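Look at the structure, then try each question before reading on.

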Amino acid sequence: MRQKTHPLLIAFAALTFAFLIGPLVIIIGTSLSETSYLTFPPEGLSLKWYENIFEISAFRRTMVTSFILAVGGTALSMAIGIPAAYAMARYRVQLPAFLGNIYVLPILIPEIVLGFSLMKSVAIGVDFPIMAALFVGHALLVLPYCVRVVGASLNAFDFSIEEAAVSLGCPRWKAFFLVVLPNVRAGIIAGFILAFITSLNDVSISIFLTGPGVSTLPIQLLAHMEQFFDPTIAAVSVLLMFVTVGVMAIVERTLGLTFLTK
């Protein structure tokens with residue numbers, strides 16, 4: 001006999017779903033309003049605020065900068081994080097346990113403190129160019145995601161497979177690229193997605209490292225809100241949501257989301 005679901009449980013699930021989806025519906029509705037100020041429910045329907053995004057040169061410029069930073073910072077963190085995760089998983093008996101906690105520090109430390117520290121040490125102390133300082137800051141910010149997610153896949157990997165390849169004459173560096181990495185590609189893809197989205201939406205680190213002529217899209221949104229309170233802000237937010245959904249859709253069509261859970 002099929003057991004009936006309790007009405008309170010259904011109501012609780014519906015409230016939870018509304019709590020999660022409600023803000024997204026409000027943002028989408030606000031971005032479609034014809035009024036020159038933020039309002040919900042929308043008064044009329046119009047796409048002019050989406051057109052306004054690409055008419056404002058600051059948005060176009062910072063959008064490109066944010067994507068370059070997100071891709072470059074994530075790639076740099078992957079170049080550091082994958083070998084670090086491999087070393088901690090492959091030689092976890094020889095390496096001290098506290099090394100794994102060091103890579104989590106950028107998450108544990110408040111981002112404002114981390115951003116101020118990077119400004120003093122990298123932007124001012126070493127006198128890095130603005131873009132170089134931003135690359136370092138974003139790579140450091142997303143490094144824990146790369147190390148932890150890839151490390152979780154490597155901890156489940158049987159390193160005897162790598163040793164078998166080496167024993168058959170394959171150089172160790174080649175075995176790493178041809179044997180180890182293909183078996184943990186799910187963790188690499190998941191880590192890249194998490195790091196990319198985090199970097200794309202970062203404010204706390206970027207606001208300390210930006211300078212004249214260089215800004216990111218989230219910071220430009222804050223600057224726009226100080227002067228205007230129109231639905232362009234909501235339209236940009238919706239656009240960023242669609243980028244996130246698009247990344248997940250590409251993964252679903254090419255690999256399948258269940259692939260990331262393997």
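Q: Does Phe159 count as buried or exposed?
A: This is a predicted model, and the label comes from the relative accessible area. Buried means under 20%. Phe159 has 12% relative accessibility, so Phe159 counts as buried.

Q: What kind of pair do the rings of Phe157 and Phe159 form?
A: The ring centres of Phe157 and Phe159 are 5.1 Å apart. Pairing needs centres within 6.5 Å, and planes over 60 degrees apart count as edge-to-face. The planes of Phe157 and Phe159 stand at 90°, so the pair is edge-to-face.

Q: Which residues form one aromatic cluster?
A: The structure holds seven aromatic pairs. One cluster is formed by Tyr86, Phe157, Phe159, Phe176 and Phe177.

Q: What kind of pair do the rings of Phe192 and Phe196 form?
A: Phe192 and Phe196 lie four residues apart in helix 10 (residues 185-200), separated by about one helical turn. Their ring centres are 6.3 Å apart. Planes under 30 degrees apart count as stacked. The planes of Phe192 and Phe196 are at 10°, so the pair is stacked.

Q: At what angle do helix 6 and helix 7 pack?
A: Two packed helices are described by the angle between their axes and the distance between the axes. For helix 6 (residues 111-125) and helix 7 (residues 130-155), the axes are 11 Å apart. The angle is about 140°.

Note on methods. Residues are numbered from 1 along each chain as its sequence is written. This is a predicted model: local features need pLDDT of at least 70, side-chain atom pairs count only at pLDDT 80 or more; totals for chains, interfaces and linings use all residues. Side-chain values use heavy atoms; hydrogens and water are left out. Rings of Phe, Tyr and Trp (its six-membered ring) pair if their centres lie within 6.5 Å; planes under 30 degrees apart count as stacked, over 60 as edge-to-face and the rest as tilted. Buried means under 20% relative accessible area, exposed over 50%, partly exposed in between (1.4 Å probe, protein chains only). Helices (H or I, at least four residues) and strands (E, at least two) are DSSP runs, numbered from the N terminus. Axes are lines fitted to C-alpha atoms, for helices over the stretch in contact, and angles run from 0 to 180 degrees between N-to-C directions.
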